[in-house]
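Thank you all for coming; I would like to take a few minutes to walk through one model.

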Amino acid sequence: MTGYPLKAHNTFGFDVRAQFACLIEREEQLLAAVRDPRVAGLPRLVLGGGSNVVLTGDFAGLVLLVALRGRRVVREDQHAWYVEAAGGEPWHEFVAWTLAQGMPGLENLALIPGTVGAAPIQNIGAYGLEMCDRFASLRAIELATGNAVELGADACRFGYRDSFFKREGRERFVITSVTFRLPKAWQPRAGYADLARELAARGPGASTGQADDAAMQPTAQAIFDAVVAVRRAKLPDPLELGNAGSFFKNPVIDAAQFEVLKRREPELVSYPQADGRIKLAAGWLIDRCGWKGRTMGAAAVHERQALVLVNRGGASGAAVLALARAIQHDVRERFGVELEAEPVCL
Ligand code: EPU
């Protein structure tokens with residue numbers, strides 16, 4: 001296919017093309033693009049950083065490259081700051097900016113690739129925090145009508161790596177901006193094992209240094225720095241090795257199935273959920289099946305985190321999906337557990 005190259009617009013670095021593409025730097029361009037008679041009836045794909053998508057082939061349709069920029073404090077009351085960022089703002093830069101402005105709250109989500117507008121779609125999360133914990137509202141344009149809508153958390157139906165936009169709302173909206181609520185009564189979230197270990201290794205320098213032991217708690221900047229260090233140590237930089245972060249969601253199973261598995265596999269890594277079900281660490285399951293670091297053609301399982309599939313150079317989306325299916329098969333055979341892909345596969 002001739003057309004617009006998407007290699008730089010998906011973090012796996014798949015060398016595919018779109019029949020049509022339009023860079024959206026202003027909202028008006030969005031409606032003009034989707035109403036262009038040349039693309040009438042064609043499928044559409046909204047791409048931010050392309051960090052949560054597997055493009056298995058050329059896209060015979062219109063790709064909307066969201067590059068809307070801008071960030072500001074829209075409101076402040078005695079309890080919180082309300083900070084709005086445009087959909088095309090790079091997520092990590094936005095997090096760093098909020099901290100630099102003296103507004104903590106997003107530090108656990110440092111270094112996540114992608115854009116602000118993509119963050120609500122899969123409700124990004126890491127090291128004990130999910131985006132929905134800091135979410136106030138978002139603004140989106142419905143492509144069919146051109147209407148702008150303002151959606152609160154209930155309408156977005158956030159779940160674990162899930163939202164309305166991955167289901168009923170899929171490809172129907174473009175998220176133009178997101179507003180976050182950053183509470184002024186900030187509390188560190190430093191309990192996640194990897195993060196706690198990193199903070200401890202950094203010693204008291206990573207803390208406020210107050211005399212009272214109980215008050216010795218890490219600053220938001222210390223958490224930010226520790227998260228960046230942990231991610232750099234475990235997760236490949238998409239600019240160096242194509243990937244889309246965790247390729248599978250951590251599966252959630254019922255207590256009865258868990259009991260049986262745990263007896264068989266005493267080292268099983270698990271997290272009890274509020275509803276009585278149990279979340280398992282997919283990375284551990286995959287690792288146990290011997291997949292960590294293994295390659296299948298140009299696709300591979302990352303050597304330091306088995307949940308991350310990588311493009312070693314020149315892999316196709318189909319090759320990565322073939323690897324994913326082989327992993328799903330082995331995990332199903334050994335543990336009777338289904339792994340669900342986290343990125344959207346097209
Ligand atoms: N583990 C292994 N082998 C591996 C990988 C993990 O044994 O190859 C074990 C670890 O030792 C640990 C457990 O599995 O006991 C969990 O591993 P880790 O802390 O690395 O987190 P994860 O559950 O694999 C999730 C998110 C990540 C997020 C981290 C930290 C999902 C699907 N993934 O990974 O998110 O950064 O927790 O919060 O929930 C992403 O979504 O793209 C992503 C990177």
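I will go through a pair of helices, then the sheets, and then a few single residues in loops.

First, a word on how the model is handled: this is a predicted model, in which local features need pLDDT of at least 70 and side-chain atom pairs count only at pLDDT 80 or more, while totals for chains, interfaces and linings use all residues. Residues are numbered from 1 along each chain as its sequence is written, and side-chain values use heavy atoms, with hydrogens and water left out. When I speak of helices and strands, I mean DSSP runs numbered from the N terminus, with helices being H or I of at least four residues and strands being E of at least two.

Let me begin with the helices. Two packed helices are described by the angle between their axes and the distance between the axes. Here helix 2 and helix 5, the latter covering residues 220-234, pack at an angle of about 155°, and their axes are 10 Å apart; the axes are lines fitted to C-alpha atoms over the stretch in contact, and angles run from 0 to 180 degrees between N-to-C directions. That makes helix 2 roughly antiparallel to helix 5, a label used for angles over 145, where under 35 counts as roughly parallel, 65 to 115 as roughly perpendicular and the rest as oblique. Which residues of helix 2 meet helix 5? On the helix 2 side they are His 92, Val 95, Ala 96 and Leu 99, and on the helix 5 side they are Ala 220, Gln 221, Phe 224 and Val 228, where contact means heavy atoms within 4.5 Å. The residues of this contact of helix 2 with helix 5 divide into 6 nonpolar, 2 polar and no charged; for that division Ala, Val, Leu, Ile, Met, Phe, Trp, Tyr, Cys and Pro count as nonpolar, Asp, Glu, Lys and Arg as charged, and the others, Gly among them, as polar.

Now to the sheets, where two strands are said to pair if DSSP finds at least two bridges between them. Strand 3 runs parallel to strand 5 (residues 59-66) and is joined to it by 4 bridges, with Leu 45 standing opposite Val 63 in strand 5.

Another open sheet has 3 strands in the order 14-16-15, with antiparallel pairing. Its edges are strand 14 (252-253) and strand 15 (270-272), each with a single partner strand, so one side of each has no neighbour in the sheet. Strand 15 and strand 16 (residues 278-280) are joined by 3 bridges, and Tyr 271 is found opposite Lys 279 in strand 16.

Finally, some residues in loops. Asn 123, in the loop between helix 2 (91-100) and strand 8 (125-126), has a phi near 45°, a positive value in a residue other than glycine. Is Asn 123 buried or exposed? Asn 123 is buried, its relative accessible area being 0%. Glu 171 likewise is not a glycine and has a positive phi, of about 60°, but Glu 171 counts as partly exposed at 30% relative accessibility.

Asn 52 lies in the loop between strand 3 and strand 4 (53-54), and at 14% relative accessibility Asn 52 counts as buried. Leaving aside neighbours within four places in sequence, Asn 52 is in contact with Gln 122, Ala 244, Glu 342, Pro 343 and Val 344.

Notes
Buried < 20%, exposed > 50% of the residue type's maximum accessible area, 1.4 Å probe, protein only.
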